[in-house]
Amino acid sequence: QFTALAVNGIKPISIAEGLFINEVSAGLDIGFNLIKPATVKISLLDMTGRSARILLNNVPVSGKYNETFATDDLQKGIYIVEIIAGGDRFTRRIILQ
């Protein structure tokens with residue numbers, strides 16, 4: 001099981017502790033603390049729900065993760081970050097500028 005907590009006032013999730021998503025000039029900065037090993041898939045979806053890019057798709061070991069994903073080759077606009085881990089799903093809308 002994963003610990004549930006709120007992320008920037010967003011509905012609690014149970015993927016991991018300390019999950020954060022920051023839009024940075026060079027891309028997306030995504031971090032979390034995975035409490036138990038689990039398949040983690042992080043996708044960037046367009047507003048129609050189609051996958052624009054799979055950012056991460058593997059089975060990491062427990063621990064803290066902080067990854068920056070380049071988005072400079074994507075069209076500017078609104079996207080959804082979808083994170084699936086251990087059967088839990090979290091989404092957050094972002095704007096790439």
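Me: Which residue forms a salt bridge with Asp 73?

Reply: This is a predicted model, in which local features need pLDDT of at least 70 and side-chain atom pairs count only at pLDDT 80 or more, while totals for chains, interfaces and linings use all residues. Residues are numbered from 1 along each chain as its sequence is written, and side-chain values use heavy atoms, with hydrogens and water left out. A salt bridge is a side-chain nitrogen of Lys or Arg within 4 Å of a carboxyl oxygen of Asp or Glu. With the closest N and O atoms 2.7 Å apart, the partner of Asp 73 is Arg 53.

Me: How far apart in sequence are the parts that Asp 73 and Arg 53 tie together?

Reply: Strands are DSSP runs of E with at least two residues, numbered from the N terminus. Asp 73 lies in the loop between strand 7 (63-70) and strand 8, whereas Arg 53 lies in strand 6, so the parts that this pair ties together are separated in sequence by 20 residues.

Me: Does Arg 53 count as buried, exposed or partly exposed?

Reply: Buried means under 20% relative accessible area, exposed over 50%, and partly exposed in between (1.4 Å probe, protein chains only). Asp 73 reaches 54% and counts as exposed. Arg 53 has 23% relative accessibility and therefore counts as partly exposed.

Me: How many salt bridges does a search of the whole structure find?

Reply: Besides the pair of Asp 73 and Arg 53, Arg 50 forms a salt bridge with Asp 46, their closest N and O atoms being 3.4 Å apart. Another salt bridge joins Glu 82 to Arg 89, with a closest N and O distance of 2.8 Å. For the whole structure, the number of salt bridges found is 3.

Me: What is the strand order of the open sheet?

Reply: Two strands pair if DSSP finds at least two bridges between them. Strand 5 and strand 6 run antiparallel and are joined by 6 bridges, while strand 8 (residues 77-85) and strand 9 pair in the antiparallel sense over 9 bridges. The open sheet has 4 strands with antiparallel pairing, in the order 6-5-8-9.

Me: Which strands stand at the edges of this sheet?

Reply: A strand with a single partner strand has one side left without a neighbour in the sheet. This applies to strand 6 (51-58) and strand 9 (88-96).

Me: Which residue in the turn between strand 5 and strand 6 has a positive phi?

Reply: Within this strand pair, Ser 43 has Ile 54 in strand 6 as its bridge partner. Strand 5 and strand 6 form a hairpin with 5 residues between them, and the turn residue with a positive phi of about 95 degrees is Gly 49.

Me: How many residues does the largest nonpolar core have?

Reply: A nonpolar core is a set of buried Ala, Val, Leu, Ile, Met, Phe, Trp, Tyr and Cys residues joined through side-chain atoms within 4.5 Å. Leu 28, Val 81 and Ile 94 are among those with the most contacts inside the largest core, whose number of residues is 18. Two or more residues each come from strand 4 (27-34), strand 5 (40-45), strand 6, strand 8 and strand 9.
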